[in-house]
Amino acid sequence: MRRIIIGISGASGSAYGHMALQALRAIGGVETHLVLTQSARRTIELETDMTGDDFESLADVTYRDDDMAAAISSGSFLTDGMLIMPCSMKSAAAIAYSLNSNLLVRAADVCLKEKRRLVLAVRETPLHLGHLRTLTQLAEMGATILPPVPAMYAAPQSVDDILAHTVGKALDQFAIPNELFRRWRSPAL
């Protein structure tokens, strides 16, 4: 069985993380390890009619963001990598500078040092030069920067369609087969 860490930071867009957890549960064959930051718990309540507990109910294993002794804080705990969805610029900066200020950041740092996949759905706009430099540094360190940008070729009909496109693209980064969105096909001539 594959093992993926899902991190949800306090950035707007907690619905992306929720859909990622739902998708992985539906696909099966992937053990999910979830860490929600305290800011994520607050954002979830502000943006949705759910709580952090609702998100945790979709994961196989959950961790408190202050538990620096958790399994995912060690490189000896084998995973396929980590998806942070959404990823705040605060979390991105902490990861870029290895601040290890909470478990989400520490787990991401472990993925980078162990050369495991780290996918960051950075949720901020507009981006200033400091943000861009942080994202460049993360890319140079091996992270994949995957901002939640909708693809209009998929002709989204709902917010869920827009969410599904980004979640599907994120799962593609881990080579997890999914049919969450309509993929591009060459137009008929």
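Reader: At 19% relative accessibility, does Glu56 count as buried or exposed?

Author: Buried is the term for a residue under 20% relative accessible area, exposed for one over 50%, and partly exposed for anything in between (1.4 Å probe, protein chains only), so Glu56, at 19%, counts as buried. This is a predicted model, in which local features need pLDDT of at least 70 and side-chain atom pairs count only at pLDDT 80 or more, whereas totals for chains, interfaces and linings use all residues. Residues are numbered from 1 along each chain as its sequence is written, and side-chain values use heavy atoms, with hydrogens and water left out.

Reader: With which residue does Glu56 form a salt bridge?

Author: A salt bridge is a side-chain nitrogen of Lys or Arg within 4 Å of a carboxyl oxygen of Asp or Glu. The partner of Glu56 is Arg41, their closest N and O atoms lying 2.5 Å apart. This pair links distant parts of the chain, since Glu56 is in helix H3 (residues 52-56) and Arg41 in helix H2 (residues 38-47), 15 residues apart; helices are DSSP runs (H or I, at least four residues), numbered from the N terminus. Arg41, at 21% relative accessibility, counts as partly exposed.

Reader: How many salt bridges does the rule give?

Author: The count comes to seven, and one of them joins Asp172 to Arg183, with 2.9 Å between the closest N and O atoms. Here too distant parts of the chain are linked, Asp172 belonging to helix H7 (residues 159-173) and Arg183 to the segment after H7, eleven residues apart. Asp172 is partly exposed at 27%, and Arg183 is partly exposed at 28%.

Terms used. Helix = DSSP H or I, 4+ residues; strand = E, 2+ residues; numbered from the N terminus.
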